[in-house]
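Subject: Structure handover

Hello,

Here is the structure I promised to pass on. Please open it first, then read my notes beside it.

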Protein chains: 2
Amino acid sequence: MVLAVDVMGFENPIDEAIKACRDFVRKNKDVTIILVGKKESIIKHLKKNDEFEILDAKDEIKMDDNPLFIRNKKESSMYKAVELVANDKADGVLSAGNTSCYVAITYMLLKRFNKISKVAFMPWIPTRYKKGFNMLDCGANKIVNQNDLVDFAIMADLYNKKVRKIKNPKIGLINLGTEDQKGLDYLIEANKILKNTKEINYVGFIEPRYLLEEIVDVAIADGFTGNITLKTLEGTAKSISNALKDEFKKPWNFLGFVLSMCALLSLKKKFDYKNNAGAFVVGLQKIALKTHGSADYKQFYSSLRMLRDTVKSNIINDFKEKFN
Amino acid sequence: MVLAVDVMGFENPIDEAIKACRDFVRKNKDVTIILVGKKESIIKHLKKNDEFEILDAKDEIKMDDNPLFIRNKKESSMYKAVELVANDKADGVLSAGNTSCYVAITYMLLKRFNKISKVAFMPWIPTRYKKGFNMLDCGANKIVNQNDLVDFAIMADLYNKKVRKIKNPKIGLINLGTEDQKGLDYLIEANKILKNTKEINYVGFIEPRYLLEEIVDVAIADGFTGNITLKTLEGTAKSISNALKDEFKKPWNFLGFVLSMCALLSLKKKFDYKNNAGAFVVGLQKIALKTHGSADYKQFYSSLRMLRDTVKSNIINDFKEKFN
């Protein structure tokens, strides 16, 4: 299996990506990695025994680049990495760069399935009892209709069965309340269609207040709502965690802090998104994953694992059967 | 000052409301309260020295009642309490009942200002450094346009200046990102207008991930987004807090828990919404506040304080000058 990894355009030193790739290919003998980026930068970080292929890219997509102008970015590492998959020289691609540009480039080069009209961005989010859930769409589209939401549900269902190995995954649609008549019109319509989609285990509308309680394996939303929900979740968790740190920094809480380390670390582990840091661009004819712009070694490593698992699962063939 | 309090239709025993009213009038000699609800139920909980007026209501609005049928609910405590304000027999009204029905009844009886086309539901949300912020609209409308968002901003600005006594309140518009071209069309338009609205201190788009960091005093959103954001915030905080409790219940963490009590209580206090539990229905010609369906003594009490402060501030006259 060949994986293409864009090692430019994220916030951390390039070494975080290369180290993860090194450890990953050492542990997974069936995997070859093509590092895509500025050759002179990459070479500096290589070790003697490294067996990477390197694809030199003169340009780089920055975090503030506009997805409307990606056609001018054909020499960028992101574009070239995705192109490897488009030309069947790699089985999957990973990048930690600009999300909007990544969605635009993968959409342009990897093409969507014939029978769907929107692709979706699907991260994994940790929950209270460690199982986590997938949420989609988290920002690939601004506007979707009821049929797009149904497509998202069916694709996420297949992904959860084949890649996450979850039997009968529970799928919910994010809304203000659980009553059938609540919320925006296209949600009410999608809810009706999903209730009649026998192939999936649709559990109805879900309120975002219960997302971390593991009531679903998949939460469906339009790209705007999904992104807002994701950012609110992440930010709230971060603010509370920082507020707790503030308290424990006070000298009179020092002993309590020391004796609570075990509880705090266990809590941190439960809500650790770094162990499943890859977001899948669902709906494309080929496999593309994205990790955070602030990705570190651990996040690159777990994303590579998710990328390998996705390629291995052969899920693209199931998608093709269903949607081409 | 006369306040009308609907004491029916919420999840806790009626006594939580009545006790809060009793303590509130004892401490605020300028306030008289009219309790609205089933007289026989109210009377059971009264004490000798209580000086409430009671308005008997035979009917009650339930949590699952549909706001479309409020015209059949004229004998309900909620309807009658709001009517007291509509007929100038009270200066403000408080209820802990069904939010959708409350918004519908107040909208129908208290009328909106002539120059605005939507009212908004505006709760207060606690933040990391205790100051908190107002978010609106949190669910009075499903759909709004750019001009409604601007109206919300101006009204919340006045409220923050006059009632919360904040000088030059910072106002932000919730969006996916902070760049001017990001997000849905009506947000992009509203952002342009708000930037040219000199009377308010508009700080631009804000990502919901920073809401608890006190970057704004007011966060503006459409009713759907605001409600989703609110529910995600509340739910995430609750899930994390419960996960932390789970950890501290483990026997080997007991000592750590005991010695962390001070830190944990301080954290709890910081994020305590119960001390400002009233949400204002902004845009009405008269004053209506709503508290949570699960309100207890503390939430009723703080909502009464907010209701008194709002009446006292005379803010309705400012609104009338501006919007009638």
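**Loops and peptide bonds**

B:Asp137 sits in the loop that runs between strand E7 (133-136) and helix H5 (146-162) of chain B. Keep in mind that this is a predicted model. B:Leu136 and B:Asp137 are joined by a cis peptide bond. Its omega is about 5°.

Now turn to chain A. A cis peptide bond links A:Leu136 and A:Asp137, with omega about 0°. A:Asp137 lies in the loop between strand E7 (133-136) and H5 of chain A.

One more loop residue deserves a look. B:Asp88 has a phi near 60°. That is a positive value in a residue other than glycine. You will find B:Asp88 in the loop between helix H3 (77-86) and strand E4 (92-95) of chain B.

**How the two chains are related**

What rotation superposes chain B on chain A? It is a rotation of 180°, with 0.0 Å of shift along its axis. The RMSD is 0.0 Å. The two copies are therefore related as by a two-fold rotation axis. Which C-alpha of chain B is nearest the axis? It is that of B:Gly256, at 2.6 Å. Both copies use the same surface: 98% of the contact residues of chain B recur in chain A.

**The sheet in chain A**

Chain A has an open sheet of 7 strands. Trace them in the order E3-E2-E1-E4-E12-E11-E5. The pairing is mixed. Strand E3 (53-56) and strand E5 (120-122) of chain A are the edge strands, and each pairs on one side only. From one strand to the next, the twist averages 25°.

E5(A) pairs with strand E11 (residues 279-282) of chain A in the antiparallel sense, over 3 bridges. A:Met122 has A:Phe280 in E11(A) as its bridge partner.

A helix covers part of this sheet. Helix H4 (residues 99-110) of chain A lies across strand E4 (92-95), E5, E11 and strand E12 (287-290) of chain A. H4 runs at about 175° to E12(A).

**The sheet in chain B**

Chain B has an open sheet of 7 strands with mixed pairing. The order is E3-E2-E1-E4-E12-E11-E5. At the edges are strand E3 (53-56) and strand E5 (120-122) of chain B, each pairing on one side only. Neighbouring strands are turned by 25° against each other on average, direction ignored.

E5(B) and strand E11 (residues 279-282) of chain B run antiparallel and are joined by 3 bridges. Within E11(B), B:Val281 stands opposite B:Phe121. H3(B) packs on the sheet. H3(B) touches strand E1 (2-6), strand E2 (32-37), E3, E4 and strand E12 (287-290) of chain B. The direction of H3(B) makes about 150° with that of E2(B).

**Two helix pairs in chain A**

Start with helix H3 (residues 77-86) of chain A and H4(A). Their axes come within 10 Å and cross at roughly 30°. That angle makes H3(A) roughly parallel to H4(A), because angles under 35 degrees count as roughly parallel. The crossing of H3(A) with H4(A) is right-handed.

Which residues meet here? On the H3(A) side they are A:Met78, A:Tyr79, A:Val82, A:Glu83, A:Val85 and A:Ala86. On the H4(A) side they are A:Cys101, A:Tyr102, A:Ile105, A:Thr106, A:Met108, A:Leu109 and A:Leu110. By class, this contact has 11 nonpolar, 1 polar and 1 charged residues.

Next, take helix H5 (residues 146-162) and helix H10 (residues 315-323) of chain A. They pack at an angle of about 150°, with their axes 10 Å apart. H5(A) is therefore roughly antiparallel to H10(A), because the label applies to angles over 145 degrees. H5(A) and H10(A) cross in the right-handed sense.

The H5(A) side brings A:Asp151, A:Ile154, A:Met155, A:Leu158, A:Tyr159 and A:Lys162. They meet A:Ile315, A:Asp318, A:Phe319, A:Lys322 and A:Phe323 in H10(A). How do the residues of this contact divide by class? There are 7 nonpolar, no polar and 4 charged.

Best wishes

Terms used
Residues are numbered from 1 along each chain as its sequence is written. Chains are lettered from A and ligands numbered from 1 in the order in which they are written. This is a predicted model: local features need pLDDT of at least 70, side-chain atom pairs count only at pLDDT 80 or more; totals for chains, interfaces and linings use all residues. Side-chain values use heavy atoms; hydrogens and water are left out. Axes are lines fitted to C-alpha atoms, for helices over the stretch in contact, and angles run from 0 to 180 degrees between N-to-C directions. Helices (H or I, at least four residues) and strands (E, at least two) are DSSP runs, numbered from the N terminus. Angles under 35 degrees count as roughly parallel, over 145 as roughly antiparallel, 65 to 115 as roughly perpendicular and the rest as oblique. A crossing is left-handed if the near helix is turned anticlockwise from the far one by less than a right angle, and right-handed if clockwise. Contact means heavy atoms within 4.5 Å. Ala, Val, Leu, Ile, Met, Phe, Trp, Tyr, Cys and Pro count as nonpolar, Asp, Glu, Lys and Arg as charged, and the others, Gly among them, as polar. Two strands pair if DSSP finds at least two bridges between them. Copies are superposed by least squares on the C-alpha atoms of residues with pLDDT of at least 70 in both.
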